[in-house]
Amino acid sequence: MSVTLQAPGVLHRYTNLLVAFEHTRNGTTPQNTLLFVGGLNEGLLTIPYSRDLAAAIPPSYSLVEVLLSSAFSGWGHSSISQDVEELGQCVQYFQSLRSNGKIVLMGNSTGCQDVLGYLSFEGSRPKVEGGILQAPVSDREAIEMIYPQDEYEKYNEMAKRWVKEGKGDHILPNDVSLSIMGARVTANRWLSLASPGPEHAGEDDMFSSDFGDGRFQSTFGMAGKRGVALMILFSGNDAFVPKTVDKEALVSRMEKAFVDGGGRLAKGSGILPNASHTIREESNVRDEFLKRVSGFLESVDEGRIEEK
């Protein structure tokens, strides 16, 4: 039996080819915007908690789900740099729509790379007040969990060979990713996500537990230099994180790099106990998640970040 899921809202066209869905609520006239980006294979209204989040955030905000060209299966031939550029166009659109409002970025899973990339990559982009990283996991470590070691190494070598031959934008054979990851993927994007060693130079590779502090300083530290507020919400029961990873220690290192860079780390940042990757739990776990996000947004709106 199928269930019809609907959400009231407004569909915005922020470029000629890209749209964003704004959840609306009766009796509210929000001036601030929470721009949300999902992870691989996600798109509009696919995140389990999106409607609960839209209803729970302060009435001065509206939740806007951003459709990037990498949404759904488009990630296989896209990149974080392209996502960041498109996200900047969306930020600019809502800034022009609500000139006195504040904008906070939020990502789930690979959407966290988009948010951190927006805050840390070189170059100028429209200003935002803060960011929320929900389930910032290492795609490299997740891929290593999914693929047998011999297959992982074989696909890495294939992708590197194709890039060397000038075929980085060509689609790898279907058995590389379609059956497991849900999309056909180019050699370039495979290497960005799988990020083979020893350099681990993939653009997507931002949250791996084996990084030294210097690597986190180049991402979280650079984001901190922009003076924004940040909240990290790392799921305690994330199935895409190896059991050998010390989650508390990993998050602490991310947070330290951000604070050392000059950023404002929000109270409530840290591990979200018992939460899954997309917080599918309709229970106290989701309630705690919504409470933390709402408190952060309220403090951004009032200009008084309660720091951790």
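1. Basis of the values. The model is predicted, so that local features need pLDDT of at least 70 and side-chain atom pairs count only at pLDDT 80 or more, while totals for chains, interfaces and linings use all residues. Residues are numbered from 1 along each chain as its sequence is written, and side-chain values use heavy atoms, with hydrogens and water left out.

2. Helix H3. Helices are DSSP runs of H or I with at least four residues, numbered from the N terminus. Helix H3 spans residues 110-120 and is mostly covered, with 11 of its 11 residues buried. Here buried means under 20% relative accessible area, exposed over 50%, and partly exposed in between, with a 1.4 Å probe and protein chains only. Among the buried residues of H3 are Cys112, Val115, Leu116 and Tyr118.

3. Cysteines. A disulfide is a pair of cysteine sulfur atoms within 2.5 Å. By this rule the count is zero disulfides. Cysteine 90 takes part in none, and the nearest cysteine sulfur, in cysteine 112, is 17 Å away. Cysteine 90 counts as buried, at 0% relative accessibility, and cysteine 112 is buried with a relative accessible area of 0%.

4. Aromatic pairs. Rings of Phe, Tyr and Trp (its six-membered ring) pair if their centres lie within 6.5 Å; planes under 30 degrees apart count as stacked, over 60 as edge-to-face and the rest as tilted. The count under this rule is nine aromatic pairs. In one of them, tyrosine 147 and tyrosine 155 have ring centres 5.8 Å apart and planes at 85 degrees, so the pair is edge-to-face. Tyrosine 147 is buried, at a relative accessible area of 3%, and tyrosine 155 counts as buried at 3% relative accessibility.

5. Phenylalanines of helix H8. The rings of phenylalanine 216 and phenylalanine 220 are edge-to-face, because their centres are 6.0 Å apart and their planes stand at 70 degrees. Both residues lie in helix H8 (residues 213-225), four residues apart, about one turn of the helix. Both phenylalanine 216 and phenylalanine 220 are buried. Ring pairs also link Phe207, Phe211, Phe216 and Phe220 into a cluster.

6. Charges over rings. A charge sits over a ring if NZ of Lys or CZ of Arg is within 6 Å of the ring centre and within 35 degrees of the ring normal. Arginine 125 lies over the face of tyrosine 118, at 5.5 Å from the ring centre. Lysine 167 lies over the face of tryptophan 162, with a distance of 4.9 Å to the ring centre.

Technical notes
Helix = DSSP H or I, 4+ residues; strand = E, 2+ residues; numbered from the N terminus.
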